[in-house]
Amino acid sequence: MECKDINMWVCAYLDNELDPKVKEIFEKHIAVCNNCRKEIEEYKSLKFLIQKRISCIKAPDILKKKIIVELSRIDEYRETGIDVIDLLCWGSHIAQLYEGKDEITEVIAPYMTKGLEQNEFCLWIISDISKYEAKDSITKVFPNVEMYLDNGQLEIISYEDWYLTEGHFNGQQILDASSKKCQDAISNGYSGLRVAGTTCWLERNDWDSFIDFEEIMNNAMSDQKLLVLCSYKQNECAKNKIADVMNTHKYVLCKSDHLWRLKKTL
Amino acid sequence: MCEISIIEDKKREFEVLALQYMDSFYGAALRMTRNETEAEDLVQDAYLRAFRFFDKFEKGTNFKAWLFKIIRNVYINKYRKASKAPQMMDAMDAEASGSLSVTETPENFIFDRLLDDDVTKALDSLPDDFRLTLILSDLEGFSYKEIADILDCPIGTVMSRLHRGRRILRQSLYEYAKNHGYLKG
């Protein structure tokens, strides 16, 4: 065994993971080689240093208590279908900042699919994509989508048929409709209601009243079996509008370096 | 009634098994995220996920390793930092390959004079996969086989990450020691 071979096995030797035969040869070499012995001593000190200096971190007591509480309400947690979020409680209000149509379907299709799999009533309120595009995007991840449309567990409706049924936006009316939809879903045997809606239909004049609605919605849904994902077009939101979105949603999804990132805000 | 008591028993069993390792998981999560709030979120998310899949845990096998595997998967999904690791690894490894050779090592290379903060910073600056492998080996004492299972990679990869990770770490600490004037440059 030469010094360069020793170099390769130093870590395994220190971690006591060397095959006994290799270990024997290894030890014969280090008995006669000062340099290799020195190398081993250094790695040994390094390992000891890490163990001594870094191992004693205590988890905050509050974390333990929080986990016990969250475990006790585990039934309220839903899988979101969105990789970066994983699980969220009923009553969660999420915003998505998107740029193109693809980014809407990329997030909403798996989000809806997961809801269908978990026996939730799913409502997708579309504005800048067609019903066909919405359905097609879910079909790509969940081929059975037609069955859910037929049996009524999945509804894909236009923003006009949800937000503008009175011809103009009326926040209170939407809040009432959401609560009723949620109660109906539960009465019909579903676990709750999962909603996705895009906002690009919003007129400039409606922004303030819509944000007021989002804030009230945020509080109103906290005790309902309701999960809401609102998609906002990023390049149509000025900085102050993004601040509005951040202030009215507990979770905000946005893309950075081609990956979705999650920001907890409230 | 019966179903409720089964669920309660399952929760109790899970809590007894899982909460005893909280310090280990939080410590590892903190080293992975380098942020206290994110570390708490990561541990909480991993515990909730682990409980949901608790039925899939094979009794009699290593629970701590199983939960570490979940933490690692939640971390990758949530932060996706792993996808950036290879480039960073190669760059850092190339840098470290020209590191001090045995003959250059000064006699008075004393790690003990380094500050805890220096050691933490050096560890934190390792690429994700190297850092987690080192944590699992040096801090948690897992065998190479267990680490390979947690990280879902061959044992050879574990050995290589430990070797390269320690080499980079040694080089970083050497730089810290030099900067603090503990060593002559």
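A crossing of two helices is left-handed if the near helix is turned anticlockwise from the far one by less than a right angle, and right-handed if clockwise. In chain B, α6(B) passes α9(B) in a right-handed crossing. The structure is a predicted model, in which local features need pLDDT of at least 70 and side-chain atom pairs count only at pLDDT 80 or more, while totals for chains, interfaces and linings use all residues. Residues are numbered from 1 along each chain as its sequence is written, and chains are lettered from A and ligands numbered from 1 in the order in which they are written.

**Terms for helices, strands and contacts**

- Helices (H or I, at least four residues) and strands (E, at least two) are DSSP runs, numbered from the N terminus.
- Axes are lines fitted to C-alpha atoms, for helices over the stretch in contact, and angles run from 0 to 180 degrees between N-to-C directions.
- Two residues are in contact if their C-beta atoms, placed from the backbone, lie within 7 Å.

**Helices α6 and α9 of chain B**

- Helix α6 (residues 116-124) and helix α9 (residues 155-179) of chain B have axes that come within 9 Å and cross at roughly 140 degrees.
- That angle makes α6(B) oblique to α9(B) (under 35 degrees is roughly parallel, over 145 roughly antiparallel, 65 to 115 roughly perpendicular, and the rest oblique).
- From α6(B), B:Asp118, B:Ala122 and B:Leu123 meet B:Leu169, B:Ser172, B:Leu173 and B:Tyr176 of α9(B).
- This contact of α6(B) with α9(B) has five nonpolar, one polar and one charged residues (Ala, Val, Leu, Ile, Met, Phe, Trp, Tyr, Cys and Pro count as nonpolar, Asp, Glu, Lys and Arg as charged, and the others, Gly among them, as polar).

**The sheet of chain A**

- Chain A has an open sheet of seven strands with mixed pairing, in the order β5-β4-β6-β7-β3-β8-β9 (two strands pair if DSSP finds at least two bridges between them).
- At the edges are β5 (154-158) and β9 (259-264) of chain A, each pairing on one side only.
- From one strand to the next, the twist averages 20 degrees.
- Strands β6 (residues 193-198) and β7 (residues 226-233) of chain A run parallel and are joined by six bridges; A:Gly197 stands opposite A:Cys230 in β7(A).
- Strand β8 (residues 251-256) of chain A pairs with β9(A) in the antiparallel sense over six bridges, and A:Val252 has A:Lys263 in β9(A) as its bridge partner.
- β8(A) and β9(A) form a hairpin with two residues between them, and A:Asp257 in the turn has a positive phi of about 55 degrees.
- Helix α8 (residues 171-187) of chain A lies across β4 (121-126), β6 and β7 of chain A, at about 145 degrees to β6(A).

**Where chains A and B meet**

- The contact takes 40 residues from chain B and 36 residues from chain A.
- On the side of chain B that touches chain A, the largest share, eight residues, comes from α3(B).
- By class, that side of chain B has 20 nonpolar, eight polar and twelve charged residues.
- Helix α3 (residues 34-54) of chain A and helix α7 (residues 128-139) of chain B have axes that come within 10 Å and cross at roughly 85 degrees.
- α3(A) and α7(B) are therefore roughly perpendicular to each other.
- Their contact is made by A:Lys47, A:Ile50, A:Gln51 and A:Ile54 of α3(A) and B:Leu134, B:Asp138 and B:Leu139 of α7(B).
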